[in-house]
Amino acid sequence: MTVRPPIAWGPAAAAARAAGTPLVALESSVLAQGLPVPANAEADRRMRAAIAARGAAPVITAMVRGTLTLGLEGDDLARFLRREGIAKVSARDLPVAAAQGRDGATTVAGTLAACVVGGLDVFATGGIGGVHREPAFDESADLDELGRTSAVVVCAGAKSILDLPATLERLESRGITLVGYRTAEFPGFFTASTGLPLPASVDSAAEVAALLRSARALRRPGAVLVVQPPPPEAALDRATVEVAVEQALGEARDGGIRGAALTPFLLAAVERATGGASRRANLALLERNAALAAEVAVALSVPP
Ligand code: PSU
Ligand code: MN
């Protein structure tokens, strides 16, 4: 049995690839589930602009009517930004969405699986999933995919709604190389400070590129996870975030929210609890992560 994988490149992404432009993968779940309308469109614009300004090209990954799409663009992108009937798709969900011809927005795990298919080396996101505070057994598939996908992943740490010390322990057990970009502390997504020390840090995109090269030379199977804090002007302080997260967790408990619905629910509840300040932080850090990822992609395109 020969099965042709249902894969397609978007027109702009295909052109950039053909021209040898460095590529940066972006997830679509943050657009279709993580952020509300119209903040999701603003995130899309700002991330694309930040990447293009540095000489790279964005490649949003998504499942579009059953086709694994590298470069969600045009009408399809507009449909995803309206957030109507778009499922959240993790790595395990990709075969189902493909076989059933469905739309799906890829999480970090789903996007890493798409990076393997598309040969993409650099991926920018907001915050990775991790170990939830409750229920204790809910652990994001992002961690497992990070453990088996060789790529640079730029993020602002793990979302503040998670158990961050437990998430750090899991990153270690899965052998994921973790470095701070100009920070010695694991950032807490909305906030720069968590008090959790990082094993290493770097100061330049060239150093990040060198890390991916050594990870590959050493046959490391997993990601180089680069964490940087949100921009200071948009970051929230640690205490504000903790209060908002406690309130959000209470709402989730009362509402019996579980499984894939939990992360989008908690993000929306934190936004209500912070009067929208968390959304401003979210947009600013997405832009900043996209910018750094583009610099890394450019650095990787130059021979060492
Ligand atoms: N960070 C955000 N918004 C999001 C997410 C992360 O600011 O929407 C998404 C990412 O796609 C991440 C996913 O991979 O949440 C994790 O979901 P879960 O905990 O169900 O694995
Ligand atoms: Mn989960």
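A polar side-chain atom of Asp142 lies 2.7 Å from an oxygen atom of ligand 1. Taken alone, ligand 1 exposes 480 Å², and the protein buries 94% of that. The model is a predicted one. Ligand 1 sits in the largest pocket, which holds about 670 Å³ of space. The structure also has a second largest pocket, with a volume of about 280 Å³, and one cavity of 30 Å³ or more.

**Contacts of ligand 1**

- The backbone takes part through Gly127, where a polar backbone atom is 3.4 Å from a nitrogen atom of ligand 1.

**Shell around ligand 1**

- There are 16 residues around ligand 1, and those that come nearest are Glu27, Lys88, Ser140, Asp142 and Thr263.
- Sorted by class, this shell has eight polar, four nonpolar and four charged residues.
- Two helices, α2 (29-34) and α11 (262-273), each supply at least two residues of the shell.
- The largest share of the shell around ligand 1 comes from α2, with three residues.

**Largest pocket**

- The pocket that holds ligand 1 has a volume of about 670 Å³.
- It is lined by 36 residues, of which Lys88, Thr107, Ser140, Asp142 and Thr263 are the closest to its centre.
- Two or more lining residues come from each of α2, β5 (87-89), α6 (108-118), α7 (141-148), α11 and α12.
- Helix α7 gives the largest share of the lining of the largest pocket, five residues.
- The lining of the largest pocket divides by class into 14 polar, eleven nonpolar and eleven charged residues.
- Lys88, Ser140, Asp142 and Thr263 are among the residues that come nearest to ligand 1, and they are also among the lining residues closest to the centre of the largest pocket.

**Second largest pocket**

- The volume of the second largest pocket is about 280 Å³.
- Its lining has 17 residues, and Leu23, Gly119, Asp121, Ala297 and Leu300 are the closest to its centre.
- Helices α9 (205-217) and α12 each supply at least two residues of the lining of the second largest pocket.
- By class, the lining of the second largest pocket has eight nonpolar, five polar and four charged residues.

**Cavity**

- One cavity of 30 Å³ or more is present in the structure, and the largest cavity has a volume of about 40 Å³.
- The residues that line the largest cavity are Gly34, Leu35, Phe190, Leu267, Glu271, Ser278, Arg279 and Asn282.
- The elements that give two or more residues to this lining are α11 and α12 (277-301).
- Three residues from α12 make up the largest share of the lining of the largest cavity.
- The lining of the largest cavity has three nonpolar, three polar and two charged residues.

- Helix α11 supplies at least two residues of the shell around ligand 1, two or more of the lining of the largest pocket, and two or more of the lining of the largest cavity.
- Helix α12 gives two or more residues to the lining of the largest pocket, at least two to the lining of the second largest pocket, and three to the lining of the largest cavity.
- Helix α2 contributes three residues to the shell around ligand 1 and two or more to the lining of the largest pocket.

Conventions: Residues numbered from 1 in each chain as written. Chains lettered and ligands numbered in written order. Predicted model: local features only at pLDDT ≥ 70, side-chain atom pairs only at ≥ 80, totals over all residues. Heavy atoms only, no water. Near = heavy atom within 4 Å. Polar contact = N/O pair within 3.5 Å; in protein donor to acceptor, adjacent residues only side chain to side chain. Areas by Shrake-Rupley, 256 points an atom, 1.4 Å probe, with all protein chains shown as cover. 1 Å grid on protein atoms, 1.4 Å probe; cavity = no way out; pocket = protein on both sides within 12 Å on 5 of 7 lines; lining within 4 Å. Sits in = over half its atoms within 2 Å of the grid points. Helix = DSSP H or I, 4+ residues; strand = E, 2+ residues; numbered from the N terminus. Nonpolar A, V, L, I, M, F, W, Y, C, P; charged D, E, K, R; others polar. Points joined across faces, edges and corners; volume = space filled by probe spheres on them.
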